[in-house]
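Have a look at the model below and turn it around a few times. We'll walk through it piece by piece.

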Amino acid sequence: MTDLVIYYSRSGNTKKIARIIKKEVNADIIEIKDKTRRVGTLGFLKGIMDSIRNQDTKIEPSFIDVSKYDLIYIGSPVWASKPAPAIIQLLHNTDFTGKKVITFDSMMASGGEATINFMNEIVESQGGRVIKSFSIMNNQDLKESTMKALND
């Protein structure tokens, strides 16, 4: 079985979770880069507004061929109860037909369930089958929380 972890991370928490998953399941990993500048407080606020408005953004890579993978993990931070714009864009750009998908997010306080539901709806509209989802609070032990989520 070949697994793939795809993620976007602004602050590094989602990246840490993605790397834990990569190591535990021996997966390939791809980081999505948002070409819109999202550093600092203003960048973060712009990201939140773009998430709320479902604003398109340019990402790198702009397309991922998932055809050779059996299971795909997709991770995003929670921004205003939605995934980051880069992940929204990636989900719309990817054909998940016949693929099993596990979605996950990292969050400071709340909005994880809404973010997961939003991601799952897009994955399913793109032909994927979501088999599991989980949210991780950033103030928890990321490794312990991720391992528990993977094994539940």
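In which loop is Pro61 found? Pro61 is in the loop between strand 4 (59-60) and strand 5. The peptide bond that leads from Glu60 into Pro61 is cis, with omega near -5°. When we say helix or strand here, we mean DSSP runs (H or I over at least four residues for helices, E over at least two for strands), numbered from the N terminus.

A quick word on where this comes from: it's a predicted model, local features need pLDDT of at least 70, side-chain atom pairs count only at pLDDT 80 or more, and totals for chains, interfaces and linings use all residues. Residues are numbered from 1 along each chain as its sequence is written, and side-chain values use heavy atoms, with hydrogens and water left out.

**Strand 5 and its partners**

Let's stay with strand 5 (71-79). Nine of its nine residues are buried, where buried means under 20% relative accessible area, exposed means over 50%, and partly exposed is in between (1.4 Å probe, protein chains only). Two strands count as paired if DSSP finds at least two bridges between them. Here's who strand 5 pairs with:

| Pair | Sense | Bridges |
|---|---|---|
| Strand 1 and strand 5 | parallel | five |
| Strand 5 and strand 7 | parallel | seven |
| Strand 5 and strand 6 | antiparallel | two |

To find these pairs in the model, look for Val5, which stands opposite Tyr73 in strand 5. Pro77 has Ser106 in strand 7 as its bridge partner, and Trp79 has Lys82 in strand 6.

Strand 5 and strand 6 form a hairpin with two residues between the strands. One of them is Ala80, whose phi is near 55°, a positive value in a residue other than glycine. Ser81 is also in the loop between strand 5 and strand 6, and its phi is positive too, near 65°.

**The nonpolar cores**

A nonpolar core is a set of buried Ala, Val, Leu, Ile, Met, Phe, Trp, Tyr and Cys residues joined through side-chain atoms within 4.5 Å. The largest one has 24 residues, and those with the most contacts inside it include Ile6, Ile72, Leu91 and Phe96. Strand 1, strand 5, helix 3 (85-93) and helix 4 (112-125) each supply at least two residues of this core. Helix 3 gives the most, with five residues.

Contact means heavy atoms within 4.5 Å. Setting aside neighbours within four places in sequence, Ile72 is in contact with residues including Leu4, Ile6, Val66 and Phe96. There's also a second, separate core of 16 residues, with Ala18, Ala27, Phe104 and Leu150 among them.

Helix 1 has 13 residues (13-25), which at 1.5 Å a residue should span 18 Å, and its end C-alpha atoms are 19 Å apart, which agrees. (The expected span is 1.5 Å times one less than the number of residues.) In helix 1, Asn13, Thr14, Ile17, Ala18, Ile20 and Ile21 are buried. Seen down the axis, these buried residues fall within an arc of 160°, so they line one face of helix 1; the arc is that of the directions from the helix axis to the C-beta atoms. The face turned away carries the exposed residues Arg19 and Lys23.

**One last stop: Asn138**

Asn138 is in the loop between strand 8 and helix 5, and it's buried, with a relative accessible area of 16%. Asn138 and Asn13 are 125 residues apart along the chain, yet their C-alpha atoms are separated by 6.6 Å. Leaving out neighbours within four places in sequence, Asn138 is in contact with Asn13, Ser106, Met107 and Met108.
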